[in-house]
Amino acid sequence: MDAKPGVQEDSVPFSVHARRPGRFALGLTAMILVGTALGPLADGAARASYPKNFARSLAASPEAAGEGVLVGALGGLRTMTADIFWLRAYSMWERRERASCTTYARVALALAPDNRFIREGYAQWLAYDFPVWSIRDLGGMNRVPEPEQEAIHRRDSRAGIAFLEDSLIRDPDTTRYLIVASQIANIKLKDEELAAGFHRRAAETPSAPLFSAALYAGYLIRHGRSDEARDWFLRYIDRLIAQGAGHRGALWITNYRSMISKDAPEYELLGEGIRRLDLAGEARGDTK
Amino acid sequence: MSSLSRILLVAANTAGEAARQKYLIVAGALAAAVAGLASVLRAMNFGDSELKFTADLGFGALFFFGSLLAVVLPVHLFFSEMDNRTALTLLARPLRRWEFLTGKLLGVWALLAGLVLLISAVTLGMIAVRHAEIAAIAEAAGYRAPVFETGGAALFVLLQVVRLGVVAAITLFTCAYARSALFSYGAGLGWLVLGQTVWLAREWLLSESSVWRTGLAAALRAIPDLQAFNLADALIFPAKAAPVSAAWQAVVYGVLWIAVLTGLGSFLFKNREL
């Protein structure tokens, strides 16, 4: 090869390598054959290292592909990098800058897609903080007409709930997402039915929080659906017994019942639940 | 002198020469410092367990600096032999080209293994100490101690040694046919990025079934899947049964790729004009 004047011999362009197609094709074919033979050995380990429910997230949102690239490219350092971006998002939160907050939080989430703390925090910003800032940017509560303020609150609260629903696609058994969603539905949207639905879903997760079950049953009773409430709540109790969580469940319910008013719609039903749990405990020979 | 002795001689010389490189010392010290800083930086941790944060930071530093060195060291050492014409002198003696290339790989790999052991000792030492403290507090409060599998940690360290061996082998494979160091640096880094992200491409291609998608996914098998070695959480802090057999399969996968890449590289190097 003749080197061009002024071009060092070291800087050979790629075209020179590409001029040897025979050897290149041979090497590539060999590597494909070897890779096909060896590939199954790596599949189990590679799958065990994927982010949680990655295939489902990828099917639901193309953003997951970006997360995958970051996971692959940064390895363990992505956790630390995500924390730095989340801190930066916090500093923007202190300045009440919605756009910057969103950007940094989104980057943090792309770096650490499984981080529940960041997901929960961002959903709460969306629902509680961002609408207030938006109204302030439009001139403040005294200038913006009330219907418009309400519309902004509703829009952002729904965005917070939608974000939590997306998070549940990735991590379906995360009770915290459902609890936060029910709080947003209740406090911001004043939508009791929506909030009760989230409590029902929370009570059906493996950690099955008692207060969610009690609140859902209370909602049904308040809306004249006492029989449905009783059936559903006693099935919940039976599930606790089947899971071997009966004794713990009895303690929870007794404690919870002592904190609510005797006039609460679910008070009697909780008593029935305790009796059923006690009976199951006696049948097993549990000591109190 | 047997073939093995000649390979070991080249490996020892390569390791000795590599150990004198300042960038290796700087990168090693930086990686150890980042790993050691976990106890200070854990105040910045959001949402993850403290032990996981320490592991992420330490092994993240190893991932970053180790990968860079696994690309830079082979290219630098290989092309310094070429540029200084010492390779000609060596190969004029009864030293076969495949022995030269294998010795180069073993020398670099030994040094990278030393780096893995250093960073892993710092990181796992910190995790073990903190785990003992947390376990004592948890026991006193009647809670379950967090999981920390020492056997899984040892297997993960082995996986990292193999992973860096694969990166070094693929870089030397590139050096075997490349004419310039610059091309080899670029191609080595390219292979590294592809190896880390090929799982994503395959996952996307196989998410729907069609002939071209399946064919392309099969062709991507030509790139060693480096994601198979990123099992820190699953092996060290397993939430359920640790994927031990899958990890051992990944070790075999890596070692076989190293052997194949060295073989292919030797074939290309044999036909190369020096």
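## The interface between the chains

Counting contacts (heavy atoms within 4.5 Å), chain B brings 52 residues and chain A 47 residues.

A note on the basis: this is a predicted model, in which local features need pLDDT of at least 70 and side-chain atom pairs pLDDT 80 or more, while totals for chains, interfaces and linings use all residues. Residues are numbered from 1 along each chain as its sequence is written, chains are lettered from A in the order in which they are written, and side-chain values use heavy atoms, without hydrogens and water.

## A salt bridge across the interface

The rule finds one salt bridge between chain B and chain A, taken as a side-chain nitrogen of Lys or Arg within 4 Å of a carboxyl oxygen of Asp or Glu. Asp43(A) and Arg221(B) form a salt bridge, with their closest N and O atoms 2.9 Å apart.

## Aromatic rings

Over all chains there are 21 aromatic pairs, meaning rings of Phe, Tyr and Trp (its six-membered ring) with centres within 6.5 Å; planes under 30 degrees apart are stacked, over 60 edge-to-face, and the rest tilted. Tyr177(B) and Phe183(B) make an edge-to-face pair, 6.3 Å centre to centre with 65° between the planes. In chain A, ring pairs link Trp86(A), Tyr90(A), Trp93(A) and Trp125(A) into a cluster.
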